[in-house]
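Subject: Handing over a structure

Dear colleague,

I am passing this structure on to you, and my notes on it follow below. Please read them with the sequence and the model open.

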Amino acid sequence: NFHASSYMLAWRRKEDAPGLKVPRKEKRIKRENRTQAPVEAPYVPPRPKPTGKSSLDKTIEIFEGMTIHELAKRTGASIAALQDILTNVGEKVDSEFDPISIDIAELAAMEVGVNVRRLHTEEGAIRQPRPPVVTVMGHVDHGKTSLLDALRQTSLAAKEAGGITQHLGAFVVEMASGDSITFLDTPGHAAFSAMRARGAAVTDMVVLVVAADDGVMPQTLEAISHAKAANVPIVVAINKCDKPSADPERVRIQLGSEGLLLEDLGGDVQVVEVSAATKLGLDKLEEALLLQADMMDLKARIDGPAQAYVVEARLDRGRGPLATAIVKCGTLLCGQHVVVGAEWGKIRAIRDMMGRSMESGRPSTPIEIEGLKGLPMAGDDVVVVDSEERARMLSTGRKKKFEKDRLLKASEVVVDDPESSEDVPKRIELPMIVKADVQGTVQAVTDALRSLNSSQVFVNVVHVGVGPITQSDIDMAEACGACIVGFNIRNPPSAITLAANKANIKICLHRVIYHLLEEMGTVIVEKAPGTFETKVAGEAEVMSIFELKGRSKSKGPDIKIAGCRVVDGRFTKSSTLRLLRSGEIVFEGSCASLKREKQDVDAVGKGNECGLVIEDCDDFQIGDVIQCLEQVIRKPKFISSESGAVRIEC
């Protein structure tokens with residue numbers, strides 16, 4: 001071993017060789033022989049991994065000419081995945097830095113599952129002055145439509161059902177100075193909150209109408225909130241100043257306390273006192289609006305593709321789906337292909353609010369678009385595309401995205417724990433089908449009905465639609481046991497009515513939102529199961545005590561009889577009796593016997609004397625009070641506030 005190497009010597013001494021790591025031998029553990037079956041452990045579900053921001057909430061900004069590289073960076077998808085999507089839609093892209101159109105960018109982003117917001121550049125475009133868009137807002141019955149009628153010299157308020165506005169209307173008013181202003185008239189009822197929000201979103205300024213004899217009301221405060229959220233200036237019009245009970249100063253103080261900096265108090269919010277009935281102060285209101293518009297320097301691009309905003313949509317029997325829109329910029333022309341929300345079409349005709357045909361729609365002009373394939377939602381944007389193929393593709397992509405989002409939201413509903421809901425009373429489902437004249441009203445009525453949900457009744461709106469009641473609505477209502485709610489639509493044909501009566505389907509038709517909510521509130525109260533409550537049906541005072549002794553075993557043990565006089569209400573034999581002494585409960589049990597003048601009776605009224613026996617109770621004293629308890633079912637109440645807000649109180 002003298003000439004052995006260091007590796008050989010290390011091996012003989014069982015040491016680690018230099019530079020080498022010998023694996024250690026692990027200790028061998030003897031396994032136990034199992035003679036019994038393994039114990040079944042309870043299944044523990046895996047803990048869900050924390051996910052990032054949901055694709056439903058993620059919104060990216062896209063623009064014309066952006067590259068695939070930029071789109072991948074914003075969506076978080078890989079460039080290869082986006083290139084595959086573009087290949088599938090027939091778009092040829094050689095490089096990731098080649099520009100793509102804004103429509104293709106939206107298609108790719110929707111396929112990835114991301115919401116988009118379009119950005120339009122106006123570099124090099126010629127901007128010209130445009131008329132201001134003014135939204136008239138305020139509380140119900142404060143005179144908004146009457147004020148517009150005085151400006152337009154029409155009588156639209158007299159034609160409204162119930163004398164209140166229930167639609168969002170758009171008008172162009174030519175002022176005495178020659179300038180024109182586009183007015184949006186919004187409903188003031190509490191049920192039409194979404195319509196007021198849409199009006200504030202598209203406007204340049206808000207005219208806040210407050211009645212001088214009524215003051216600031218709930219919908220007045222809501223209108224102020226909508227205007228502040230949209231970041232638009234407010235002009236206050238104090239209406240009904242001709243009335244003897246008018247107090248404009250009180251209105252000013254109330255508005256100032258709500259945070260509006262009025263000009264009288266050193267702020268920048270203009271205040272004008274007007275009267276729609278006597279046309280007082282209308283010239284001052286016109287000056288205030290035009291002055292505000294001059295300060296804002298309103299301009300828009302005239303040439304190029306248009307951008308518009310849908311404020312209302314309805315279904316016409318002869319002309320099909322119609323969308324009322326306000327053009328933001330550009331010019332909308334007949335024959336152009338457009339995508340409105342998830343619907344598309346080729347513009348067949350453009351009409352103004354008086355029904356006259358127009359060749360084009362200019363900025364700040366309210367128009368009615370005809371030629372869409374389906375009914376869009378109020379609040380959708382109008383997008384002009386190059387071809388019918390592009391319009392179809394974009395519409396299909398948006399519908400797929402909407403359906404995917406809807407299913408994702410439905411799958412995220414939290415399932416209630418059955419153990420925690422054992423004591424909760426069972427909720428009764430009340431399915432409903434809502435039909436109305438325009439899209440915005442459908443949404444308002446649906447939201448108002450859903451606000452009537454309570455712990456006892458669940459209002460399930462299974463279907464909504466625009467237009468009259470059809471046979472398919474009757475079939476759907478019969479299948480799911482729903483009632484049909486029609487708002488501001490014509491009466492159904494006799495064949496539809498007969499089919500509904502045969503299937504025992506309830507149809508509620510109304511033209512005023514107050515009456516609709518009152519009837520549906522009554523229906524919900526009738527359907528509610530109610531809650532059981534203990535009610536004191538009568539009271540009696542113990543006047544004397546009788547004791548029966550020495551009874552045979554067949555008749556039972558000795559008993560005590562309380563001789564009482566009924567001082568309030570009535571006593572029934574089937575009720576539960578409660579014995580009170582000095583205001584404290586001594587005993588509570590069922591009535592074993594109730595007699596009057598030695599005759600068994602079922603009930604004893606106020607002022608009469610009787611003898612009664614409480615089962616398993618013999619601790620009576622003269623002067624005790626005995627109460628008769630009854631179980632009653634308490635139904636919920638339908639409550640309507642002065643502002644028009646409704647609710648079900650259980």
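How much space lies in the largest cavity? About 40 Å³ lies there, where a cavity is a set of points on a 1 Å grid over the protein atoms alone at which a 1.4 Å probe fits but cannot get out, and a volume is the space filled by probe spheres set on the points, which are joined across faces, edges and corners.

This is a predicted model, in which local features need pLDDT of at least 70 and side-chain atom pairs count only at pLDDT 80 or more, while totals for chains, interfaces and linings use all residues. Residues are numbered from 1 along each chain as its sequence is written, and side-chain values use heavy atoms, with hydrogens and water left out.

The largest cavity is lined by M110, E111, G397, K400, K401 and K404, lining residues being those with an atom within 4 Å of a point. Helix 4 (102–112) and helix 10 (388–411) are the elements that give two or more residues to this lining, and helix 10 provides the largest share, 4 residues; helices here are DSSP runs of H or I with at least four residues, and strands are runs of E with at least two, numbered from the N terminus.

After helix 2 comes G76, with a positive phi near 85°.

With best wishes

Methods:
1 Å grid on protein atoms, 1.4 Å probe; cavity = no way out; pocket = protein on both sides within 12 Å on 5 of 7 lines; lining within 4 Å.
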